[in-house]
Amino acid sequence: MWKKFIDLVVALLTSTLLNILAIFSFILIVLAFLKIEFAEWKLKSLSMQNPNPILLSIGIVVLAVVVISHFFEFKKVKIKRLLKKTEKGFKITIGNCHLNINFDDIKSVNCSDAQSAIILPMNDTFDDECINDPKSSLGAFFQENFPKGIEEIQGLIANELKDTSYETIDSKKTYPLNTVVYLDGPLGSKQHIILVSVTTKRKNEGIKSDPSYIAKGVLEVFKFSADKKLGKFYMPVLGAGHGGVDFRVALYSLLLEVIYNLKYKKFHHVKEINIIIYDPEHKLAKDVKNAIYCIMEVLL
């Protein structure tokens, strides 16, 4: 409660124009109830009267504008307090979860901690060729950590899917969108890997994603991870890159779903989320900051 009071005080003190308007509205309202008489430029009498409707109306309207404006100013101050700049990017705390947006390389992520996992996107056939492409998030991670074990990894994925229903599309097994596959310490490693299908793969269409796929994928991962007692996650911007969704659209979709689920669906097991963006020169920092502000203004 005291933090909200501090935010409000800061908002009031930092809004010079709004302060002036507030004082102006107060003066108008007071004057509306006063009868002032002058004689030879000197105050002759000062008394109460029925309010002057014009002065009172203007004062109330100006005061209403100030109050509404301060409400939005209060939200901005609160976001500024929550949003922290870090060496690698940005950090914001939502409930008991720390959300980090880091400018880093996904291939350097280590998820050997018992409660941590990396979340990587795949298509709905789970035969993603991106696993061999070091320029994709999926490929960068697997090529770095399992350079000689890609075929074995693909075998493990197929084995995890053996009891999952599928349909045959374009002569390939196609699993439901947002299917989750969990690799727990594959090939003798200590890595915890969550694969989620957030793209489709169709003949003559290639690989495609959609903001709704991203949103549902995040939700399914949160549900799945609760039973596995996983609460610290690393992930790229799902749907961007080979998924074909514009980076900003994918980022907004991802942040909206992550923050919404943390704030309103109360996934208490999620303690830390790290969104990894490969951008060595931090050219996307402004877009990331704007996205966080936009989402937080809507959901606060």
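A: Ser-25 has its place in helix H2, which covers residues 16-32; helices (H or I, at least four residues) and strands (E, at least two) are DSSP runs, numbered from the N terminus. The model is a predicted one, in which local features need pLDDT of at least 70 and side-chain atom pairs count only at pLDDT 80 or more, while totals for chains, interfaces and linings use all residues. Residues are numbered from 1 along each chain as its sequence is written, and side-chain values use heavy atoms, with hydrogens and water left out.

Is Ser-25 buried or exposed? Ser-25 counts as buried, because its relative accessibility is 1%; the term buried stands for under 20% relative accessible area, exposed for over 50%, and partly exposed for what lies in between (1.4 Å probe, protein chains only). When its neighbours within four places in sequence are left aside, Ser-25 is in contact (heavy atoms within 4.5 Å) with Gly-59, Val-62 and Leu-63.

Leu-34 is partly exposed, since its relative accessible area is 22%. Setting aside neighbours within four places in sequence, the contacts of Leu-34 are Leu-46, Ser-47, Met-48 and Gln-49.

The setting as a whole may now be described. The protein has 8 helices and 13 strands. Of its 300 residues, 41% count as buried. Among contacts between residues at least 6 apart in sequence, 66% join residues at least 24 apart.

The interior can be followed through its nonpolar cores, a core being a set of buried Ala, Val, Leu, Ile, Met, Phe, Trp, Tyr and Cys residues joined through side-chain atoms within 4.5 Å. The largest nonpolar core holds 47 residues, and the members that touch the most others are Leu-99, Leu-255, Ile-273, Ile-275 and Ile-292. Helix H8 (residues 285-299) gives the most to this core, namely 8 residues. Ile-273, apart from its neighbours within four places in sequence, is in contact with Cys-97, His-98, Leu-99, Asn-100, Phe-222, Phe-233, Met-235, Val-258 and Leu-262. Another core, of 25 residues, lies apart from the largest one, and Leu-120, Phe-126, Cys-130 and Tyr-175 are among its members.

Aromatic rings supply a further level of detail. The structure holds 8 aromatic pairs; rings of Phe, Tyr and Trp (its six-membered ring) pair if their centres lie within 6.5 Å, and planes under 30 degrees apart count as stacked, over 60 as edge-to-face and the rest as tilted. One of these pairs joins Phe-141 and Phe-142, edge-to-face, at 5.6 Å centre to centre and 80 degrees between the planes. Phe-141 is buried, because its relative accessible area is 0%, and Phe-142 is likewise buried at 0%. Tyr-166 and Tyr-175 have ring centres 5.8 Å apart and planes at 55 degrees, so this pair is tilted. Tyr-166 is partly exposed, at a relative accessible area of 43%, whereas Tyr-175 is buried at 9%. Together with Phe-126, Tyr-166 and Tyr-175 form one aromatic cluster.

Finally, the backbone deserves attention. Most residues other than glycine have a negative phi. Ser-171 is not a glycine, yet its phi is positive, at about 65 degrees. Ser-171 lies in the loop between strand E7 (167-169) and strand E8 (172-174), and it is exposed, with a relative accessible area of 73%. Asn-178 also has a positive phi, near 70 degrees, and is a residue other than glycine. Its place is in the loop between E8 and strand E9 (180-184). Asn-178 counts as buried, because its relative accessibility is 10%.
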